[in-house]
Amino acid sequence: MKPHLHCARLALFLCGCAAFLNLYATQSILQVFAAQFGISAKAAGWSITVTTLAVAITAPFVSHLTRRFEQRTVISVAALLLAGPALMTAYADSFTEVLVWRFVEGMLIPIVFATSVAYIGDRWSGGTVTEVTSLYVAGTVLGGFAGRFVTGVVTEYVGWREAFEWLAVLSLMVGGFIQFLLPANRPRVKPGRAAWSGVLRKPLLAAYAVGFCVLFSQVAAFTYAGLYLGLPPFNLGPAALGALYTVFLLALIVIPIAGRLSKARPQAELLSIAAVLGVFGSALTLVPSLWCIVVGLALSSTGVFLAQAAANAFITASAGNSKAGAVGVYLTCYYLGGSCGAIVPALIWARWGWAGCVGLIIGLQLLILLIALVGWRPVNPGLMSAQRS
């Protein structure tokens, strides 16, 4: 493999890190926010919800706003700008200010995400799209883990404001490396009306539904598992809850391997495996043992990330000239799912606790399996032959 291709893959891995570093950073410190600002843990969860809502609102417009600029510049500048709201969050005097800056972060994140996915589709073709997309998703795994872990540990031993200062520094570092490592892509054909004409085709609608279910189950699992494990008999503090996200590291290993192995296979097969893994892992968390819960979350999150890799690769390979529009619609559905995953289970949590939340999560994961078996078919007959090339 040529050196510049190695650099491109590493840079896209870092793009995934940049996109997810700040997104769920407050997930391990909801109880700290509740104590700091005199609000409930449920209200503190809005620090996640406003960010995912901002992503969902902004995502469809990203391609319109950025198509005149070179993709590498768009990605690196957006990644660097994420340091700004992270730093301002550190100096927030009220929870309302926290929500404002978290919303601003959510407006920048889809620029990194959508442009990175479009970059992959413009630079590679066939089965290589699945492989490289899997590497990008592995980067989102590390970014999601790092954001939660750094925030939890620094909050425990120093303070939550210092935690966000660290996130700002990390955002600057990652953005700088992306600019240095990511090769410039060839010029793109500017999308016109025809480029948006196919975004609502049935197979793509199925992929959007997968995106909704994927992030719903992920956010629901880790938001309410954190609340569950913070209660007796577990009584985990912010640092321990931050360390809980080390379970993501299993996905960091599995996803690139799965992407390479499934390079010549239909993405629906990878999606089916992901759904089964998610159901099994979620069910395991019902065992009242910390180790069983940790293992279950590891398996469930790995299934979620595999499904995300499959969905991204499917859209990139299937959307044709509608790629930019399809990615935007997918991101909107994906992050709407994340917003619902933070809010909807609260109704179940109040009455049925963690067991009720797990039942809801498994229902969403079974829906993913149903979509894989019934609704996910190539957009055109030549797609699978292209994937195997």
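Q: Which residue forms a salt bridge with R102?
A: The model is predicted, with local features needing pLDDT of at least 70 and side-chain atom pairs counting only at pLDDT 80 or more, while totals for chains, interfaces and linings use all residues. Residues are numbered from 1 along each chain as its sequence is written, and side-chain values use heavy atoms, leaving out hydrogens and water. A salt bridge here is a side-chain nitrogen of Lys or Arg within 4 Å of a carboxyl oxygen of Asp or Glu. With its closest N and O atoms 2.9 Å apart, the partner of R102 is E105.

Q: Why are R102 and E105 separated by about one helical turn?
A: Helices are DSSP runs of H or I with at least four residues, numbered from the N terminus. Both R102 and E105 belong to helix α8 (residues 95–123), and the separation is about one helical turn because they are 3 residues apart.

Q: Is R102 buried or exposed?
A: Buried means under 20% relative accessible area, exposed over 50%, and partly exposed in between (1.4 Å probe, protein chains only). E105 is buried at 0%. R102 has 0% relative accessibility, so it counts as buried.

Q: How many salt bridges does a search of the whole structure find?
A: Besides R102 with E105, E70 pairs with R72, their closest N and O atoms lying 3.8 Å apart. E70 is partly exposed at 28% relative accessibility, and R72 is partly exposed at 24%. The search of the whole structure gives 2.

Q: Which parts does the aromatic pair of F33 and F164 tie together?
A: Phe, Tyr and Trp rings (for Trp, the six-membered ring) pair if their centres lie within 6.5 Å; planes under 30 degrees apart are stacked, over 60 edge-to-face, and the rest tilted. The structure holds 20 aromatic pairs. F33 and F164 are stacked, at 6.5 Å centre to centre with 5° between the planes. Their parts are 131 residues apart in sequence, F33 lying in helix α2 (residues 30–37) and F164 in helix α10 (residues 160–181).

Notes
Helix = DSSP H or I, 4+ residues; strand = E, 2+ residues; numbered from the N terminus.
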